[in-house]
Amino acid sequence: NERAKLDKVPMNPRTEKIDSGREGIELFTVKLDAGVSQPVTGYLALPVGAQEKNLPIFLSFLDGVNSDTYRNWALNTAARGAVALITTWHGFDVNREQKYYDENCGKIQSYKTATSREEFYFREVFVRAMRAADYLKSRPEWNGHDFLTRGGSLAGAQTIAIAALDRQVTLALILVPSHSGYNADLAGRKRGLPFHWIPDAWMTPQMRKAVPYCDTAHLAKRITCECYFGTGFADEVCT
């Protein structure tokens with residue numbers, strides 16, 4: 001359903017070239033429409049003079065911090081011969097001062113949106129991930145077959161989502177993913193972030209019905225590409 005809705009929304013890509021600080025690498029800010037509350041925002045990096053249909057594409061994401069996303073990851077990946085895109089989870093502008101992210105991201109209280117699967121905030125996080133993949137696949141430099149994605153923590157959850165929902169992904173590197181097992185306490189395990197700290201009484205039947213829609217434990221069952229998982233055995237946040 002989300003894929004069908006997204007397909008009706010034009011990407012309307014807006015890119016702006018900025019100084020990469022790296023010889024032989026171009027860097028751009030990117031903004032894309034996705035039909036949700038915030039656009040896709042991130043950094044795109046690629047080798048200068050990249051030929052059409054010649055390079056792999058590599059998609060990554062910001063983990064669950066209130067900040068700009070990691071342009072250096074995109075630059076380092078492009079230096080290894082790929083078209084690299086790394087996006088934010090929040091959709092706010094990139095290349096801004098830290099105060100901007102503190103003020104804007106601090107207003108997001110995802111657990112308060114868990115009234116239905118359509119309202120749950122992480123639905124739109126995963127929709128933005130799908131739109132980022134759409135854009136990266138539209139790049140003329142893509143060789144048409146090598147599509148890699150990776151991330152850890154919240155970025156790992158986004159990686160699971162895109163690997164599950166985009167059949168053109170060929171390799172996924174999923175590192176200590178969060179947002180898994182929202183209702184795990186019902187089976188005697190610890191709930192996953194962002195509900196790991198919430199008292200049991202706050203987990204209403206309505207919430208328990210809504211949040212599995214974005215539970216990466218369910219999304220992961222849809223992955224068909226090659227993938228590697230990393231886990232933190234003592235991790236009490238990304239269980």
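## Where α4 meets α5

In this predicted model, helix α4 touches helix α5 through two sets of residues. From α4 come F122, V125, F126, A129, M130 and A133. From α5 come L154, A157, Q158, A161, I162 and L165. What is the make-up of this contact: nonpolar, polar or charged? Eleven of its residues are nonpolar, one is polar and none is charged.

## How the two helices cross

Helix α4 spans residues 121-138, and helix α5 spans residues 154-165. Their axes come within 9 Å. They cross at roughly 60 degrees, which means α4 is oblique to α5. The crossing of α4 past α5 is right-handed.

## The sheet

Eight strands make up an open sheet. Their order is β1-β2-β3-β5-β4-β6-β7-β8, and the pairing is mixed. Which strands stand at the edges? They are β1 (14-18) and β8 (226-230). Each has a single partner strand, so one side of each lacks a neighbour in the sheet. From one strand to the next, the twist averages 20 degrees.

Within the sheet, take β2 and β3. Strand β2 covers residues 25-32, and strand β3 covers residues 40-47. The two pair in the antiparallel sense, over eight bridges. K31 sits opposite T41 of β3.

Note on methods
Residues are numbered from 1 along each chain as its sequence is written. This is a predicted model: local features need pLDDT of at least 70, side-chain atom pairs count only at pLDDT 80 or more; totals for chains, interfaces and linings use all residues. Side-chain values use heavy atoms; hydrogens and water are left out. Axes are lines fitted to C-alpha atoms, for helices over the stretch in contact, and angles run from 0 to 180 degrees between N-to-C directions. Helices (H or I, at least four residues) and strands (E, at least two) are DSSP runs, numbered from the N terminus. Angles under 35 degrees count as roughly parallel, over 145 as roughly antiparallel, 65 to 115 as roughly perpendicular and the rest as oblique. A crossing is left-handed if the near helix is turned anticlockwise from the far one by less than a right angle, and right-handed if clockwise. Contact means heavy atoms within 4.5 Å. Ala, Val, Leu, Ile, Met, Phe, Trp, Tyr, Cys and Pro count as nonpolar, Asp, Glu, Lys and Arg as charged, and the others, Gly among them, as polar. Two strands pair if DSSP finds at least two bridges between them.
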